[in-house]
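Hi,

Here is the structure I promised to hand over. Have a look through it first, and then read my notes below.

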Amino acid sequence: MRSSITKRLALIAMIPATLFAIVALASPANAAVSTTQLAADIVTLTNKQRAAKGCKAVRVDARLAKAAAGHSAYMARGGAFSHTGARGSSFVTRVKAAGYTRPLSENIAYGYRTATDVVKGWMASPGHRANILNCKAATVGVGVVYAANGNPYYTQNFGY
């Protein structure tokens with residue numbers, strides 16, 4: 001299971017950041033859950049984890065969501081799974097390009113079919129867990145995009 005989590009998840013905690021913003025792209029007809037609902041559920045579940053550890057809830061920020069959705073779309077189009085994005089972009093450059101000046105960290109995942117499973121996977125990974133439970137985070141943005149084969153790709157950006 002550990003290798004599965006390691007294989008399916010990657011995370012960067014580069015700069016303290018705030019919370020999520022929700023941006024969702026169209027999902028294929030065979031998708032069981034809309035990308036908008038998945039993103040909203042991920043934010044809710046993230047805030048439940050934070051509350052259990054004494055952290056304030058993160059607020060959704062549209063700029064972080066835009067950056068997250070763009071990166072999820074990039075990964076879904078090419079089947080890539082990396083924090084390195086289009087034209088060699090980093091999490092920080094993508095978030096700043098979206099207009100958010102205080103990026104904190106990024107979580108990525110793919111293949112999970114429910115928000116519960118994504119958040120459980122992140123919480124089982126020390127780095128991802130640290131991003132979610134970083135009480136300095138104030139904002140968040142979540143992007144969920146389905147690849148042509150129906151595989152969902154997730155990006156969660158945090159900011160100060």
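**What I found**

Starting at the N terminus, the elements of the protein chain come in the order α-β-β-α-β-α-α-β-α-α-β-β. That makes six helices and six strands, where helices (H or I, at least four residues) and strands (E, at least two) are DSSP runs, numbered from the N terminus. Before you go further: this is a predicted model, in which local features need pLDDT of at least 70 and side-chain atom pairs count only at pLDDT 80 or more, while totals for chains, interfaces and linings use all residues. Residues are numbered from 1 along each chain as its sequence is written, and side-chain values use heavy atoms, with hydrogens and water left out.

Of the 160 residues of the protein chain, 51% count as buried. Buried means under 20% relative accessible area, exposed means over 50%, and partly exposed is in between (1.4 Å probe, protein chains only).

**Strand β4 and its partner**

Eight of its eight residues are buried, so the strand is largely enclosed by the rest of the structure. β4 pairs with strand β6 (residues 152-159) in the antiparallel sense over seven bridges; two strands pair if DSSP finds at least two bridges between them.

**Aromatic rings**

A search of the whole structure turns up two aromatic pairs. Rings of Phe, Tyr and Trp (its six-membered ring) pair if their centres lie within 6.5 Å; planes under 30 degrees apart count as stacked, over 60 as edge-to-face and the rest as tilted. How are the rings of Tyr-110 and Tyr-153 arranged? Their centres are 5.6 Å apart and their planes are at 20 degrees, so this pair is stacked. The pair links distant parts of the chain, with Tyr-110 in strand β4 and Tyr-153 in strand β6, 43 residues apart. Both Tyr-110 and Tyr-153 are buried, and together with Phe-81 they form one aromatic cluster.

**The cores**

Next, the nonpolar cores, meaning sets of buried Ala, Val, Leu, Ile, Met, Phe, Trp, Tyr and Cys residues joined through side-chain atoms within 4.5 Å. In soluble globular proteins, nonpolar side chains tend to be buried together. The largest core here has 23 residues, and those that touch the most other members are Ile-42, Val-118, Trp-122, Val-142, Val-144 and Tyr-154. At least two residues of this core come from each of α2 (35-52), β4, α5, β5 (139-146) and β6. The largest share, five residues, is supplied by α5. There is also a second, separate core of eight residues, including Ala-73, Ala-76, Tyr-110 and Ala-147.

Among the buried residues of α2 are Leu-38, Ala-39, Ile-42 and Val-43. After α2 comes Gly-54, with a positive phi near 85 degrees.

Which residues does the disulfide join? Cys-55 is linked to Cys-135, S to S 1.9 Å, and a disulfide here is a pair of cysteine sulfur atoms within 2.5 Å. Cys-55 lies in the loop between α2 and β3 (59-60) and Cys-135 in the loop between α6 and β5, so the pair ties together parts that are 80 residues apart in sequence. The link is left-handed, with -70 degrees about the S-S bond. Cys-55 is buried at 7% relative accessibility, whereas Cys-135 is partly exposed at 46%.

**A few single residues**

- His-71 lies in helix α3 and is buried, with a relative accessible area of 0%. Its side chain makes a polar contact with the side chain of Arg-94 (3.5 Å). A polar contact is a pair of N or O atoms within 3.5 Å; within protein, one must be able to donate a hydrogen and the other to accept it, and residues adjacent in sequence count only if both atoms are side-chain atoms.
- Ser-125 sits in the loop between α5 (115-123) and α6 (126-132). Ser-125 is buried at 13%, and its side chain makes a polar contact with that of His-128 (2.6 Å).
- Arg-87, in the loop between α3 (62-78) and α4 (91-97), has a positive phi of about 55 degrees although it is not a glycine. Arg-87 is exposed, with a relative accessible area of 83%.

Cheers
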